[in-house]
Amino acid sequence: MMIPISSMPKRFPAALGNGGRRTSFMTRVLKPKSLSVGKYFSTVSAGGIANPTIVGAVTGNSFSTLPRPASFPEEFLDSSEFSQKTTSVRTSHIPTSVSSHIFNKSVITEVARRKDLNLFGEREAAWWTGKAPEVGKCAGVEADGRIYSVPQFTFEPPVASADRAAAAALRRVALQDYFDNTWTLTEVLLSSLQGEEAFMRPPYHDLRHPMIFYYGHPAALYINKLRVAGLLTEPINPYFEVIFETGVDEMSWDDLSKNKMAWPSVAEVHQYRAQVYETVSTLIANLSEQQLLSINQESPLWALVMAFEHERIHLETSSFLISELPLEFVSFPKGFPSYHPSAQVASENTSSIDPVKTPVAGVHYPVNRMIPVPQTDVTLGKSREFASFGWDNEYGQRTYTVPAFKTSEFKITNGEFLEFMVDGGYARNEFWTTAGWEWRAFRNVKMPTHFVRAGPQGSHEYVLRLLFDTTQSVPWDWPVVVSLHEAAAFAKWKSAKTGKQVRVLTELEHRAIRDGATPGPNAVSEDPVTVRGGHKMMNQAVHNTNLGCASMSPVNALQPNAKGFYDVFGNAWEWTSDYFCALPGFQVHPYYEDFSTPCFDGLHHVIQGGSFISTGNECSVHSRFHFRPHFYQHAGFRIVEAEDPAAPILTSDTDAPGPYVGAYPFRRTQKAVEEITRREDARKLQEKRNADLLKHFAASPSNTAGASVMQQFGELILEQARKLSLPLNQAHLLEVGCGPGGLTYSLAAQCGENASIIGVDHSAHSIDTAKKLLQGESLTCTLSGEGTFTSTLTVAAPVKAIKKCQIDFRMSDPMCLPAEMQDFDLVVLHDVLDTLASPNSLLGRVGGLRGLVKSGGLLAVSSAYQWREECTPKELWLGGYEIKNTDGTTIKVKSEETLVERLNSDFTHLRTQPLTQVWPEGEHQVRGKTYSLSFFQRK
């Protein structure tokens with residue numbers, strides 16, 4: 001069977017424009033009138049609204065509706081997505097697009113007409129959309145009135161179960177408690193935000209969304225994933241479930257195009273959260289005994305537990321973004337765990353202490369000795385039978401032999417890092433990688449992100465920013481929070497100081513300094529987070545994690561492990577040198593098909609161990625999270641001295657299997673091979689540039705008029721556009737997979753002066769080439785001839801295209817196109833689908849609410865469908881494989897047919913034809929490729 005497109009894939013738009021307006025799209029979900037057990041269907045009254053309906057053991061969950069407000073956008077009413085519904089029965093299935101089931105034309109939604117929320121000071125009772133953080137009411141609230149994380153939910157049979165009914169009842173309680181704890185932790189944390197502006201203000205770096213997104217995002221994911229799993233058939237609020245679906249993974253540190261969105265108000269999102277909480281709680285209350293006792297990766301309820309753990313990820317994300325807001329926008333929230341006692345909070349009501357300006361090792365922070373670790377074997381990978389949730393990248397297995405090394409007893413402290421700063425570390429580019437120095441210079445970084453200057457620049461007088469406050473003095477014995485760029489620069493500085501080869505720890509070395517082996521499949525209790533909540537973690541001096549307190553702590557506050565290392569888990573994450581990769585046996589989970597795969601790109605690094613605010617799966621011994629090296633998280637690092645400086649570094653990504661993004665991005669085993677690979681990659685990059693220029697701009701041997709294949713292709717596309725009477729004089733066009741821009745320029749040359757076109761490509765090199773041509777540069781490519789003879793071809797962008805049409809080129813991941821890209825008259829996806837880790841993510845973006853293609857617009861898709869497992873997991877191919885029927889016969893699944901099926905709900909298929917392109921590769925050589933070209937018109 002074919003894998004359906006997730007109704008809301010991860011790479012769907014993060015935020016959609018709304019013409020500068022804020023519009024309420026609230027659906028009031030009331031208490032269900034009736035719940036019964038029987039077949040899986042949901043009732044929809046004639047001319048009524050298709051409500052968010054729970055399926056499974058629940059068959060009818062009909063919610064009351066209210067009249068459409070006058071403010072509801074007419075664009076929705078004009079859409080065929082709102083055609084009259086007359087059927088009374090709808091079967092449960094996995095939706096194929098965001099617009100599969102939307103509201104009826106005559107009965108839509110109501111504007112949230114709630115009394116304005118008080119967003120200043122301590123929150124009133126109306127703030128809590130789930131359980132209020134009160135003792136005996138919400139799981140995790142202790143006698144001190146503070147809420148802590150409970151242990152991670154597990155699938156082990158309840159201990160106190162005498163029979164299946166009793167076991168199911170206990171499991172139901174455990175699910176609801178974990179949901180309540182997760183949900184209320186989010187709301188307690190966000191109750192720190194003071195006023196509407198605190199929710200709407202983008203972070204200073206502009207690389208992430210404002211806090212209003214993180215208020216709505218976890219809630220929207222519950223609905224979307226439960227729909228994908230078939231446990232819900234309808235959206236609650238389709239607009240919210242699009243704009244709050246996808247976060248951001250900034251392509252680079254200067255990617256600043258994130259916050260052009262007019263977000264809904266806090267009151268509107270608050271009302272939506274109340275609806276989601278009610279829906280999820282009703283689902284849990286009505287699960288069958290069989291569903292409750294069979295939770296595993298194949299169970300639809302995996303989507304529910306996935307949503308729990310996803311929300312906990314964003315609990316930590318939100319906490320860091322809060323720490324980046326100005327203090328006037330935050331206040332310590334009532335009921336949140338207190339800071340560690342070592343945090344000396346600055347306050348107007350306390351007398352200031354004399355800050356330590358020149359900390360001394362051994363006095364203000366511990367001397368960080370290097371402890372030897374012998375050669376050891378470590379195994380990565382979580383058993384699929386392990387009875388707790390894991391993300392797809394945790395599964396599979398691989399064993400490595402880690403060479404002997406020495407590593408620091410503690411994570412690097414603020415005091416140690418100050419030594420690097422005082423020695424001019426931020427101003428000396430010899431300590432930085434090329435990418436690190438460019439990032440540092442662009443951001444003008446001069447100190448760790450949480451350091452706050454308390455004196456003249458250069459005096460090195462600082463205080464430290466906490467989540468909601470600043471300290472009176474920097475706690476020099478806390479772990480420093482830095483990016484990987486800063487950590488690597490410190491390590492290189494340390495090498496220069498000590499004369500030894502110092503670097504950042506690897507994921508494998510982090511495993512090697514832990515106590516004991518990785519827990520086996522039946523040893524859930526050996527994972528501390530499954531048996532201890534945050535309160536016990538701190539009280540029993542285990543780890544500063546699972547939200548036992550609201551800050552970091554001294555690196556020597558807790559006891560070391562049996563190997564002598566402190567804070568192997570908790571306090572702060574640890575950056576590693578490893579690129580994020582799959583393990584042998586990796587499998588994409590269909591409920592979140594692109595959680596990991598887009599990040600197997602050699603640009604994301606593994607972080608290990610969790611922080612003080614990591615909860616649930618995040619602080620599991622199995623977790624493998626990942627971020628780009630410029631990313632800030634509650635993360636520090638540990639340094640390593642290699643026993644054999646000449647030996648190559650062994651990382652988890654060394655010779656890693658696919659899938660991966662683009663060319664092989666991971667490390668090879670030998671240093672010599674790495675150098676050869678580097679030179680070979682440089683040669684291949686130049687050859688690819690040369691080949692791309694010839695393909696895009698050289699005259700095609702098959703064309704007597706001397707046109708290039710891209711000029712011919714452009715004429716074919718525009719011929720179809722003219723048949724549809726598209727307004728080419730003022731059209732807006734988008735090409736995804738533009739390469740150096742040959743097709744983009746061809747289309748631009750034939751459009752009007754008021755037209756605009758954007759070319760998008762994942763390759764920075766291709767976009768750089770296209771922009772050079774746009775700026776008027778001429779580029780030279782080489783045609784090989786007889787023997788060593790060569791000739792050259794000079795390429796320049798057509799002057800007619802540059803003068804006639806507004807052209808722009810952007811580097812962007814086709815699986816995560818920026819939110820402002822929408823409503824184009826013409827969109828071309830050329831030779832890109834079979835290069836993506838998740839082609840469904842791009843296909844899910846072309847239609848639906850705020851899709852790339854406007855109503856009536858033209859979509860052209862060309863591909864040779866040459867699927868490769870190293871690029872795209874086989875289970876995500878559109879075709880090119882066979883499936884067996886129960887009678888033993890086989891069916892060949894073809895990509896062309898799947899494409900038409902996937903787009904059917906939003907597009908009319910016009911035609912499909914072969915497209916053969918032939919271009920010169922040398923003076924006596926040609927290269928060719930035959931594509932399947934399909935045209936679609938948006939309904």
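Before we sort any lining residues, here is the scheme: Ala, Val, Leu, Ile, Met, Phe, Trp, Tyr, Cys and Pro count as nonpolar, Asp, Glu, Lys and Arg as charged, and the others, Gly among them, as polar. Keep in mind, too, that you're looking at a predicted model.

How do you find the gaps to begin with? Rolling a probe the size of a water molecule over the atoms shows where empty space is left. Here the count comes to 9 cavities of 30 Å³ or more.

Take the second largest cavity, with its volume of about 160 Å³. To find it, go to His450, Leu464, Arg465, Trp478 and Met552, which lie nearest its centre among the 19 residues that line it. Sort that lining by class and you get 13 nonpolar, 5 polar and 1 charged.

Now for an open space: the second largest pocket holds about 890 Å³. Its lining runs to 41 residues, and Tyr204, Met447, Pro448, Thr449 and Phe451 are the closest to its centre. In this pocket's lining, 19 residues are nonpolar, 14 polar and 8 charged.

Which elements supply at least two residues each to the lining of the second largest pocket? They are α8 (302-323), α10 (434-443) and β7 (451-453). The largest share belongs to α8, which puts in 4 residues.

Note on methods:
Residues are numbered from 1 along each chain as its sequence is written. This is a predicted model: local features need pLDDT of at least 70, side-chain atom pairs count only at pLDDT 80 or more; totals for chains, interfaces and linings use all residues. Side-chain values use heavy atoms; hydrogens and water are left out. On a 1 Å grid over the protein atoms alone, a cavity is a set of points where a 1.4 Å probe fits but cannot get out, and a pocket is an open set with protein on both sides within 12 Å along at least five of seven lines; lining residues have an atom within 4 Å of a point. Grid points are joined across faces, edges and corners, and a volume is the space filled by probe spheres set on the points.
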